[in-house]
Amino acid sequence: MKIKLLAALLLITSASAFAQQQAANRPTMVAGFPVNYSEDSVGNYTLPELLKTSDGKPVTTAKQWTEKRRPELLRLAEENQFGKMPPKPKDLAFHAFDKGTPAFNGKAIRKQVTVYFTKDTSDHKMNVLIYLPANAKKPAPLLMNISFAAYNQIIEDNGLRVGEIWNKEGKKVKADKPTPFGKLNVEQFIDAGIGFATVYYGDIEPDFKDGLAYGIRKTYLKAGQNEPAADEWGAIAAWGWGLSRAMDYFETDKQIDSKRVALQGASRLGKTVLWAGIHDPRFKMVIASISGEGGAALARRNYGETIRHISDPSRYLYQFAPNYHGWADKVNAMPIDAHMLVALMAPRPLLLQTGSTDYWSDPKGEFLSAVAAAPVYRLFGETGPAASATMPAAGDTSLLMNHLGYYMHEGGHTVLPEDWKLFISYMTKFL
Ligand code: GCU
C-alpha cells in the first residue's frame, strides 16, 4: 500500500514538474525583463554580413572563406561571446580504469577512462564512458555526448563507476540517485555500427554562478586575477574545452576512428557542442539540440530568450565571456550573430534540432540562422536550406538530411527518443 502511495505521489510530482517545465518555456517576464512571443514584435534587424571580409572584400570562394573570413569570424566569436580558451594542457594524462569489458550481452565493449587536466590528480578530472561495437573490423566512429548527469545515472549497465555530481547547494555528492533525465538507449548506436561516449559536464566546470571557484577555469587564472578577463572563457567554452580533451584521448585509442566523431548536447550543452565543434575542427560533425539563444538562434530576433535575459547576474552570466554581456542592450551593434556560428561549422555536417513548443529557445530563430548560413555551405558544394525555404512544420524531415540540417520535433525543450533515431540516420549518412 505504502509503495503504491509513493508511486502515485512520484507520478503526481513528476507530472506537475513536467507541466511547470512546459510553462517555463513561455515565461513572460524573466529577471525583470519582458519576453516577447509575438512575431509582430520581433523587431527589424539586419544581420551582419557573412560573405564580406572586415576590409569590405566579397568572399566568393571556399578558399577565401577558409583563409580569410573564417579566421576573422572565429576570433570575433571568441572575443565577443564564448571567450578564449587555453591550449591542450601540458600535464594532460589518461588512465583507462576499464580497458574493454564486454557489455550489452557482448554486443559492445566498454571502456572508462579518466582524463586528468592538471598534474595534481586529486581534482580536475573527467571520466569518459565509451562503448564500441564489439564486432567492428576497423576503428569505430563515435557519437560523443555531453550530459547533465553522471553516466551511471543515464545508462543501464551495472559495470559503471558511480560518479560525483554538483548538488543544488554547490557541493559535490555521489551520483547514486535517479535523475529526471531518463535512460539513454546506447544499443541503438551500437546496432548501427556507431560507438557512443559520454561525459558529465560538471567534471569540467560546475554550472552555477560561483562555480569558477571549483572548476578548470580557476586553474588558469593568472596571479592577481580573480575572474576571467573580458575576452576569456565562460563555462560554455570550458565545457567545450573538456570535449577537446576527450578528443585528445580518442586520438590515442586505436579502436576509435577519431576522424569520425560527432558531438551532441542539448540546451546549454547544445551551445557547448556548437562552440566546441567550431573551435576544434577535429570533430567531424555536430548535432546541436535546442541550443537557442547564445547557440544557433539569431540574437537579433527579439523572441523568447535574449542576451539581456542571459546576462542578468541572477542567470547565466558565468556561461559566457564577460564581453558578451556588453551587447545585451545593443544587440544590433554586435559584430556577430548566430548565422555566423552556424557558418563556422561549414563544410562539416551540422544538425540543428529544435522543438515546436520550445518558444523560449526560438526554433524559428534557428531556422532563419541556418537559411542565412547556408550560402557558406554552398561555397563548398554542400547542402543546406535554400534561401526560399519555408520553416518546416513539426515533424517534417525535409530539411534534415543536409550537411547543414534542420529538424523541429513536435514538442518542447528536450531530445525525444525518436530524435535519437533521426540522429542515427544523419550520422549514418554524413559520418
Ligand atoms: C535556460 C537558459 C537557456 C538554456 C537552458 C538549458 O532556459 O535560459 O539559455 O539553453 O536553460 O540549458 O536548459
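**Ligand, rings and a cavity: a chat about one model**

Colleague: Which residues are around the ligand?

Modeller: In this structure, which is a predicted model, the ligand has S267, R268, K271, E305, R315, Y316, W360 and H413 around it.

Colleague: And how far is the side chain of R268 from an oxygen atom of the ligand?

Modeller: An N or O atom in the side chain of R268 is 2.5 Å from an oxygen atom of the ligand. E305 also has a polar side-chain atom 2.5 Å from a ligand oxygen, while for H413 the distance from a polar side-chain atom to an oxygen atom of the ligand is 3.2 Å.

Colleague: Changing topic, how many aromatic pairs are there in the whole structure?

Modeller: Searching the whole structure gives 24 aromatic pairs. One of them is formed by Y200 and Y201, and because their ring planes stand at 80°, with the centres 5.7 Å apart, that pair is classed as edge-to-face.

Colleague: Why does 80° make it edge-to-face?

Modeller: The reason is the cut-off, because planes over 60 degrees apart count as edge-to-face, and the planes of Y200 and Y201 are at 80°.

Colleague: Are those two, Y200 and Y201, buried or exposed?

Modeller: Both Y200 and Y201 are buried. Another edge-to-face pair is made by F208 and Y214, where the centres are 6.1 Å apart and the angle between the planes is 65°. Y214 is partly exposed, because its relative accessible area is 38%, which falls in between the limits of 20% for buried and 50% for exposed.

Colleague: Which residues form one aromatic cluster?

Modeller: Y200 and Y201 belong to an aromatic cluster that also includes F148, F181 and W239.

Colleague: What about charges, which ring does R161 lie over?

Modeller: R161 lies over the face of F97, and its distance from the ring centre is 3.7 Å.

Colleague: Last topic, how many cavities of 30 Å³ or more does the structure hold?

Modeller: The structure holds one cavity of that size, and the volume of the largest cavity is about 40 Å³.

Colleague: What lines the largest cavity?

Modeller: Its lining is made up of Q81, G294, G295, A297, A299, Y324, M334, D337, A338 and L341. Sorted by class, that lining has six nonpolar residues, three polar ones and one charged residue.

How values were computed:
Residues numbered from 1 in each chain as written. Predicted model: local features only at pLDDT ≥ 70, side-chain atom pairs only at ≥ 80, totals over all residues. Heavy atoms only, no water. 1 Å grid on protein atoms, 1.4 Å probe; cavity = no way out; pocket = protein on both sides within 12 Å on 5 of 7 lines; lining within 4 Å. Points joined across faces, edges and corners; volume = space filled by probe spheres on them. Nonpolar A, V, L, I, M, F, W, Y, C, P; charged D, E, K, R; others polar. Phe/Tyr/Trp six-rings, centres within 6.5 Å; stacked < 30°, edge-to-face > 60°. Buried < 20%, exposed > 50% of the residue type's maximum accessible area, 1.4 Å probe, protein only. Lys NZ or Arg CZ within 6 Å of the ring centre and 35° of its normal. Near = heavy atom within 4 Å. Polar contact = N/O pair within 3.5 Å; in protein donor to acceptor, adjacent residues only side chain to side chain.
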